[in-house]
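Please look through the sequence and the model, then read the points below.

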Amino acid sequence: MATKDEPLQLGIDIGTSSVKLSLVGPDCKVVHGPISSPSNAVMPSVSAPHDGCEQSVWLIFQTIEESLKRIGSKLLSRVSKIGVTGQMHGVVLWKSKAVSLCEGALQLRSSDVSPLFNWQDGRCSPAFLATLPQPNSHLRLATGHGCATLFWWVRNHPEYLDQFDYAGTVMDFFVSALCGLDQPVMSVQNAASWGYFNCQSGTWNTEILSSAGFPTRLLPKIQEPGSRAGSMPTAWFGLTTGTKVGVAMGDLPCSVYSVLDTPTDAVLNMGTSAQLVRSMPEGFIPDGRTDPSSVEYFVYFNKKYIAVAAALNGGNVLSTFVDMLLRWCSGLGSNGPSDRDQVFTKLIHLAGEVETDLVADPVLLGERHRQSDRGSISNLKPGNTDLGGVFRAICRGIITNIESMMPKEELRRAGVERIVGCGSTLSQNMILKEELERCFQLPVVYRDEIDACVGAALFVQSTDWS
C-alpha cells in the first residue's frame, strides 16, 4: 500500500466512448480508480454524412479535465509520471499553437483543430482502398486507419489539409498539448495502427506516400512506447510543473499488459469492439508482407509482438440492437422502458431463460479481412423469434465471429490453457460469458477491474526516465 508521501503514476485512457483514469502506487497496486466518464463527443460528419464517424476533440479534453477534478488535487500532486493511452487508428489534424496549457486549464482554439476521425470511420470503401499504393508493412490497411483517412482527404478535398501543420492520434495531440511540444511524437504502436509504417525499421513509408501525393509533412516523429515525450511546463488540476509525460501508447497493448500474466493465457478484451490476443515468443518477427488473414501481429512492449484478432464488432452490436428496439417501441407508441440500461438488463434476463437455434452473424461493420460483409440472421422459424432468443443468438454470433478469427484449435497449438476475459461489455453480460465458455471450451477467468489506463500507468512506472 502506497504511503501518503510516495509518488504515484497517472494513467489516462482516451477511449471511443469514455475517458478513464487511474492512479497506481509504487507497489503496482491501483490507489484510485479506474474512474470512467462518458465523453459524449460524437458529432455529425459534414464531410462524409453517411459513412463518417467523427468526435469533438474539445469535448474529449473537457472530459479529461472533469475526470481530474473527480480525483482531486491532493492525490494528483503526488503524480510523478503520466502514461497516456487510447483508441488506436484515428486521426486529428491541428495548427501550430492550436492548444496551450495556461491558467490551469487546456485552452483549445476549436477552429484550429479538426474533429477526431476515429477508427469507426467508414469513408474509405474497399474500392477506394484498392486505389491506394501497397504499404511496405506486415499490417493491412483498412478504413478508419489514419493514413487511409488522410488519403481520402487528399483525393477529395486536398485544400482541407493545407490549413493544418500536424496530424496524430487524439492521444498524440493531448500529449503534445500537455507538454507544449513544438512537434508531435507518436509511439511505434500507434504509427503501426495508422498504416504505411514498417515496424522492423521503425519508419514511415515516406517514399511510397510521397509518390502518391500524400502530405508526409503531417506525419509525427516516432518514439518507442514507454519513452518520455516531455514534461508539463505548468501546473494542471493539482499535477505539478515538471511532471513527466510518456509518448502516447495504444489502448490494446496497454489493456493486455495489465492482465497477461503468462504466455499460456490469451486475453479477450470486449468493449465497443473486441480483441482476442495471445503473446508471441521472444524474438518473433512478422513476415514483411501484408497478411490477408484475420490475425495480425501488433507491436507490444520491449520489442515484442502479440497476435491479435481484432473484431470491429463487439459491444457496439449490442448497443445498436438496443437502440433499434427503443426506436421500434417509440414508433409503436409503446410504454416500455426508455432507459438503455433497463433494456439491457431485461434482455440478459430473457436470454438467460432460453436456448435458441437462430444463427446470427452480427458483423454490422464488416471486418477488416471481410470488409464487404454485413450482418445477417438465418434459420428463422415461427417458434424461435422470441426476444430472449434473438438476443442470445446475437451474443453467440459475436463470440463465434471472434472464434472464427482465432480458432480454439489455434490457441491450443500455441499452448494457450486459459482465457482472461475483460472489458465492460463482457463483464456486465452473463450471456456473452456463457457463449464464450461454450464456444472456446477453455477455462475463463474474468478481470472486471482491469483497464488500459491501469496498463499505461504500470508500464511508465517500469521505465527509467531519469
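In which loop does S39 lie? S39 is in the loop between β3 (30-38) and β4 (42-43); helices (H or I, at least four residues) and strands (E, at least two) are DSSP runs, numbered from the N terminus. This is a predicted model, in which local features need pLDDT of at least 70, side-chain atom pairs count only at pLDDT 80 or more, and totals for chains, interfaces and linings use all residues. Residues are numbered from 1 along each chain as its sequence is written, and side-chain values use heavy atoms, with hydrogens and water left out.

- Apart from neighbours within four places in sequence, S39 is in contact with T16, S17, S18, Q55, L59, I60 and T63, where contact means heavy atoms within 4.5 Å.

**Aromatic rings**

- The structure holds 21 aromatic pairs. Rings of Phe, Tyr and Trp (its six-membered ring) pair if their centres lie within 6.5 Å; planes under 30 degrees apart count as stacked, over 60 as edge-to-face and the rest as tilted.
- One of these pairs is F197 with W204, which is edge-to-face at 5.3 Å centre to centre and 75° between the planes. Both F197 and W204 are buried.
- W236 and F237 have ring centres 5.8 Å apart and planes at 75°, so this pair is edge-to-face.
- W236 counts as buried because its relative accessibility is 0%, while F237, at 23%, counts as partly exposed.
- W236 and F237 also belong to a cluster linked by ring pairs, together with F61, W94, Y166, F173 and F174.

**Charges over rings**

- K81 lies over the face of W465, at 5.0 Å from the ring centre. A charge sits over a ring if NZ of Lys or CZ of Arg is within 6 Å of the ring centre and within 35 degrees of the ring normal.
- R123 has its charged end over the ring of W152, 4.6 Å from the centre of that ring.

- Six strands form an open sheet with mixed pairing, in the order β21-β22-β20-β19-β25-β26; two strands pair if DSSP finds at least two bridges between them.
- β21 (296-299) and β26 (444-446) are the edge strands, each pairing on one side only.
- From one strand to the next, the twist averages 30°. Axes are lines fitted to C-alpha atoms, for helices over the stretch in contact, and angles run from 0 to 180 degrees between N-to-C directions.
- β19 (residues 265-270) pairs with β20 (residues 274-279) in the antiparallel sense over five bridges, and L268 has L276 in β20 as its bridge partner.
- Helix α12 (residues 387-405) lies across β19, β20 and β22 (305-311), at about 140° to β22.
- Helix α15 (residues 430-440) lies across β19, β20, β25 (418-422) and β26, at about 155° to β26.

**The loop residue E355**

- E355 is placed in the loop between α11 (340-351) and β23 (359-361).
- G388 is 33 residues from E355 along the chain, and their C-alpha atoms are separated by 8.5 Å.
- Leaving aside neighbours within four places in sequence, E355 is in contact with R392, R396 and R438.
- The side chains of E355 and R396 are joined by a polar contact of 3.1 Å, and those of E355 and R438 by a polar contact of 3.3 Å.
- A polar contact is a pair of N or O atoms within 3.5 Å; within protein, one must be able to donate a hydrogen and the other to accept it, and residues adjacent in sequence count only if both atoms are side-chain atoms.

How values were computed
Buried means under 20% relative accessible area, exposed over 50%, partly exposed in between (1.4 Å probe, protein chains only).
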